[in-house]
2 protein chains.
Amino acid sequence: MFSAQTYQDRRSVLQTNVAGGVLLFLGNIENPVNFEHNPYYFRQDSTYLYYFGIQEPRIAAIIDIDENKTIVFGDELSIDDIVWMGRQETLKDKCLKSGVQETLPYAELSQYLSKVQNSGRKVHYLPPYQSSNKILLSDILGIKIAELQPSVEMIKAIVKQRSIKEAQEIVQIEQAVNVSNEMHLLAMRVARPDVKEYEVANAIQYLAANKECQMSYPPIVTINGGILHNHYRLNTLKEGDLFLNDSGAETSMGYAGDLTRTFPVSKTFTTKQKEMYEIVLNAFNNAQRLLKPGVRFKDIHLKASQHLVEGLVDLGLMKGNPEDAVKNHAHTLFFQCGLGHMMGLDVHDMEDLGEQYIGYTEEDPKDTKTFGLKSLRLGKSLESGFVVTVEPGIYMIPELIDIWQAENKNADFINYDKVYEYRNFGGIRVEDDFLITDDGYRLLGDGLIKTVEEIENYRAEHLA
Amino acid sequence: MFSAQTYQDRRSVLQTNVAGGVLLFLGNIENPVNFEHNPYYFRQDSTYLYYFGIQEPRIAAIIDIDENKTIVFGDELSIDDIVWMGRQETLKDKCLKSGVQETLPYAELSQYLSKVQNSGRKVHYLPPYQSSNKILLSDILGIKIAELQPSVEMIKAIVKQRSIKEAQEIVQIEQAVNVSNEMHLLAMRVARPDVKEYEVANAIQYLAANKECQMSYPPIVTINGGILHNHYRLNTLKEGDLFLNDSGAETSMGYAGDLTRTFPVSKTFTTKQKEMYEIVLNAFNNAQRLLKPGVRFKDIHLKASQHLVEGLVDLGLMKGNPEDAVKNHAHTLFFQCGLGHMMGLDVHDMEDLGEQYIGYTEEDPKDTKTFGLKSLRLGKSLESGFVVTVEPGIYMIPELIDIWQAENKNADFINYDKVYEYRNFGGIRVEDDFLITDDGYRLLGDGLIKTVEEIENYRAEHLA
């Protein structure tokens, strides 16, 4: 946990940014795997972590703005619990570490909120993502699940605050990134012909676990990098494959890292792989240099797309004017997704609160229709204190190529004959995490090799 | 998956054991960790696995007994899905492997069941344990969550069938037990002074993961074995500690293993540890020999309790007649829980369906009041084909000792002065998995060392 003062300060700021009423925070429960008492590992809700820091299932909290008080709702262990689970720090003590003096039994939450509602005051709550919290909210507020109305005012105030990372949060994120760096180096040592994808995944998870880290998301470790959301891990690596590793650690306090590297299963890249890799890396380097306060991330995304097109034109897969190609979204045959996203206590930071509030503004909302842009999670202008990922890529998706070719789509910009040669090429992505500083950006963590030469040298050294 | 015939046969048997109506099966969803699209690993519902074998989130199925038809409800991948997730085996093909010819879109489940209800026919469903399925059931049946009424007829028919394991299920369980055996041997090699508890947990999970296994439950790996539900793992092992490892693997088809071993962190047991270990092991060996069809597991539990008491009398912690001590529940100061439980597709097999149906009968229901017996999951007579765990233990729980001593509880049977010397002794448990055969029992898996001599020799060999 951070200091009690930290949580108190955060709550004070939040309180001043919402006009009135009661702010409700629901912690997460332990989710059952195959029966109630066989749970997945516990992960506290990130907003709860941010304002209270208490890693305990089945607790809630309120900040009563009108009456200026904060209460944590939860239950102390009974003597029965202690017999089975051992003596533990009391909830009261945990709350004191969070700067909260008042605790009430969990069962009293409902009653407390009823009183608030009956007195005509507003209960602000966030969009629930765990079904248990949907049921709980519906029960305690007396509203049908489908009719729950999260508080936009509360969401906006939280997003405003959590978007700007404190120095101590950056320390946590860098710790996550550095463990992620080690995971990626290990993958580069482990991945070789005849190894299974899941063996690489297991090795990096084992490394992270021994540093008291969870995965910040299910790792994508695959020889089919052209499949964007790929969690199939039973393939066997073989000479000539490209291996894509998109994985990151989460510290015990909940902060995420998120990195991607792509490298050959053989000791060296083939010429074709190297050429394509250089295109992605060039787009990455140029995008990185554009990071600074006031620049729209959407513009960096489009600029990166243009750099990808320029490379693909040189290689003969695309043709015509790169700027026009991007305007016509022709690049989305190869780069179907977004350049990056916010990162913090969640790998897609605050995604549960609604992408429109995290990544966009009311004046400049998300393009939810256009293929490509509809997958860009972050579009708005950068601010000092944001933490973002930059992750351009090129993905050959046979099914998508077939559809476009059948429609002769963007034929002015795409050489379908040449594309055919790359049909089963797979995918390449390079991703790092950055802090936006007052005058630009800072790479988070100690840095991870990424040039063709660095990767080939590292692997030559370790695959001997 | 097993053969299509297997699933067809299982469904046919089930159909004949329920008088009429429609049997509803809900698969599990992917549970979100900290936002909707960041899920825990997927685990299919065990009953769904048993009757359909399809490992896919967000599917359901019905068996319409009256009309003798079986339908799986689920959605094929859209072209958008394929672009992001790659081409995969169709749901239709998966259903064929399960012997199901008919599939309908997931959204039609609600409509189908409305028709059934409107025609006055009964929809049988099981107790939902995942909140998402509580919401789903409530929505599609138009019943409040708190008022859902699972079908006892369906539960009983399923329990009857799943309790008797098929030969091919035993093969799966033995596979899980054998991986669990390896996990335990690894723990005995890894655990030593200065190692952290979580490092042992991570090592055994890594081993299992490389054999394509999950944990069948969160491992208990602890130097505080006296805490029964212990998931704290930050302690450092030191000379003189006892290390308790309660962990098991789950095969990719969902079958569980569940083993416990307790061993010294030093190379050898102390005299005190050895004496206590022999008491537990003796109770274990005697309990094992009593396993056979027709014997009430509750009686074996009580007999094992008596064996524990005999040992504790010899050691001076207890006194008086052991049989009387057990009748007065005096043993529950040291053995607070049950001797074992059913195991199969769940480590506590079918616990989601209700313990009263799995472990007990209407004529001989569970004792839900008495400390000790209220924690015995299995009480009924054994049958050939049951798979059960046997896991006696002795646990020193300072908080419980204090309460009993303050009340002078069972003072005729307990030497509180002597118990005080063992106050911080910790806990010992020994656990194996058994198949009940026609004439007795068979240890599942290839066997795992458990005598003092075997454990000390193994560790002497590997800690050099």
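1. A charge is taken to sit over a ring if NZ of Lys or CZ of Arg is within 6 Å of the ring centre and within 35 degrees of the ring normal. In chain A, Lys272(A) lies over the face of Tyr422(A), at 4.6 Å from the ring centre. In chain B, Lys272(B) lies over the face of Tyr422(B), likewise at 4.6 Å from the ring centre.

2. This is a predicted model, in which local features need pLDDT of at least 70 and side-chain atom pairs count only at pLDDT 80 or more, while totals for chains, interfaces and linings use all residues. Residues are numbered from 1 along each chain as its sequence is written, chains are lettered from A in the order in which they are written, and side-chain values use heavy atoms, without hydrogens and water.

3. Over all chains, the structure holds 28 aromatic pairs (rings of Phe, Tyr and Trp, the last by its six-membered ring, with centres within 6.5 Å; planes under 30 degrees apart count as stacked, over 60 as edge-to-face and the rest as tilted). The rings of Phe269(B) and Tyr277(B) have centres 5.1 Å apart and planes at 50°, so this pair is tilted. Both Phe269(B) and Tyr277(B) are buried (under 20% relative accessible area, with exposed being over 50% and partly exposed in between; 1.4 Å probe, protein chains only).
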